[in-house]
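Please look at the sequence and the structure shown here. The report after them goes through a few parts in turn.

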Amino acid sequence: MKRILVTGGFGFIGTHLVERLLADPKNIVHVVDNLSTSPIDVRQYLRGLSYQGLIGGSDGVLRQGHVEGYVFTFDIKSVRDYFAQETLPHYDQIYHLASVVGPVGVLKHGGNILSEMVGDAYDIMNYCKRFGTRLVDISTSEVYGGGRNGYCCETDSMIVPPKPSARLEYAVAKLACEVALINQCNTAGLKASIIRPFNVAGPRQATAGGFVLPRFIKQVLANEPITVYGDGSAVRAFTDVRDIVDGIVRVMALGKNATVYNIGNPNNKTNILDLANRVQRAVTTTSQITFVNPKDLWGPAFEEASDKYPDASRAMEELQWQPKAGLNSIIADSIAYVRAARRD
Ligand SMILES: NC(=O)c1ccc[n+]([C@@H]2O[C@H](COP(=O)([O-])OP(=O)(O)OC[C@H]3O[C@@H](n4cnc5c(N)ncnc54)[C@H](O)[C@@H]3O)[C@@H](O)[C@H]2O)c1
């Protein structure tokens, strides 16, 4: 049996990852999540896993629990509180996903993102060194700061734009964690690989963090204006969450130590205006596209991410990772999810 910890396992990517891990009967999965940005109703989600016997606290407040046979257990806790416990079980693998995230989601954390992210990373690195646990750290493609006109390869320099913002703090904090982690691999015996995902999209993504596809879907289904930020020319490569999860699992199994992997679908490179047009065409709606300044909506602290699309050849060649979902199918699946969630 393999004992696996997933931090942020009740998040958008985390839930898909947990399901993938639980599909292998050799895995025992534990989730640590403080539910600060989880997009799901956890009780309902847990009932949906094919395991029975889910438990909350005796007062009905969900704090920790398990499914029968203890194939899946969880703690509703911050990463910091979890790793501050005196005794901790042994894990063979840790996937570290817990983090503030999203263009809007990061705003209220500005000034504290670095301390929280780096603190969590050190707690996890120290645990991994002590127990010989293999770590996969989920970083971000925002570390590139725009790359070469949006093209981002792992061997490129990172660009720090002269615009301090919560978003920049998020990117710089993720990069600082990457560098510390690689140095600890090289000097202190840590066993770890890093993933830089590109614009993850698909079922369960929340609108709350400010993610563009769920926002467009919400707008077209409500026949409201589709609000494109700026002129809609920002370049992105949307990648299906299940393709991302496949990449994450492959990096854990096959990724080289102290190595960064872009996980993003270059075939889905597009711009935001094209995304809006595709979403508009995918449903019957009276919604029309309007162009807005996001700073009018979210205040002067809001920053749009730089253009970005991946060179994913390292993951494709070393891990045989091949993303499958095209952009229209990601849009269709996301719409179907939102419609089904509304019927519940
Ligand atoms: N969604 C994307 O497009 C994208 C792109 C690049 C990188 N990422 C990274 O992927 C990871 C997961 O992102 P997501 O989109 O699933 O976001 P999410 O907000 O849906 O998931 C994050 C989960 O972590 C939990 N969490 C946050 N801080 C925590 C803490 N300190 N302790 C315990 N739990 C905590 C939240 O409650 C949430 O359930 C993050 O590290 C994010 O930076 C996401």
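The sections below cover the ligand, a helix, the aromatic rings and a loop residue in this predicted model.

## The ligand and its shell

The ligand is surrounded by 30 residues, and the closest are F12, D33, T37, L97 and Y170. By type, the shell residues divide into 14 nonpolar, 11 polar and 5 charged.

In the side chain of Y170, an N or O atom is 2.6 Å from an oxygen atom of the ligand. Taken alone, the ligand exposes 820 Å², and the protein buries 96% of that. Two or more residues of the shell come from each of the elements α1 (12–22), α4 (113–131) and α5 (166–188).

## Helix α7

Helix α7 runs over residues 241–254, which makes 14 residues. From its first C-alpha to its last it reaches 20 Å, close to the 20 Å expected at 1.5 Å a residue.

Is α7 largely enclosed or open? Of its 14 residues, 10 are buried, so α7 is largely enclosed by the rest of the structure. Among the buried residues are V241, I244, V245, I248, V249, V251 and M252, and also D243 and D246.

## Aromatic rings

The structure holds 11 aromatic pairs. One of them joins F10 and F74 in an edge-to-face arrangement, with 5.5 Å centre to centre and 70 degrees between the planes. F10 lies in the loop between β1 (2–7) and α1, while F74 lies in strand β4 (residues 72–76), so the pair ties together parts that are 64 residues apart in sequence. Both F10 and F74 are buried.

Elsewhere, one aromatic cluster is formed by Y82, F83, Y91, Y127 and F131.

## Residue Q85

Q85 sits in the loop between α3 (79–83) and β5 (93–96). The side chain of Q85 reaches the backbone oxygen of Y82 at 3.0 Å, and Y82 is one of the residues of the aromatic cluster.

The relative accessible area of Q85 is 28%. Buried means under 20% and exposed means over 50%, so Q85 counts as partly exposed.

How values were computed:
Residues numbered from 1 in each chain as written. Predicted model: local features only at pLDDT ≥ 70, side-chain atom pairs only at ≥ 80, totals over all residues. Heavy atoms only, no water. Helix = DSSP H or I, 4+ residues; strand = E, 2+ residues; numbered from the N terminus. Buried < 20%, exposed > 50% of the residue type's maximum accessible area, 1.4 Å probe, protein only. Polar contact = N/O pair within 3.5 Å; in protein donor to acceptor, adjacent residues only side chain to side chain. Expected span 1.5 Å × (residues − 1). Near = heavy atom within 4 Å. Areas by Shrake-Rupley, 256 points an atom, 1.4 Å probe, with all protein chains shown as cover. Nonpolar A, V, L, I, M, F, W, Y, C, P; charged D, E, K, R; others polar. Phe/Tyr/Trp six-rings, centres within 6.5 Å; stacked < 30°, edge-to-face > 60°.
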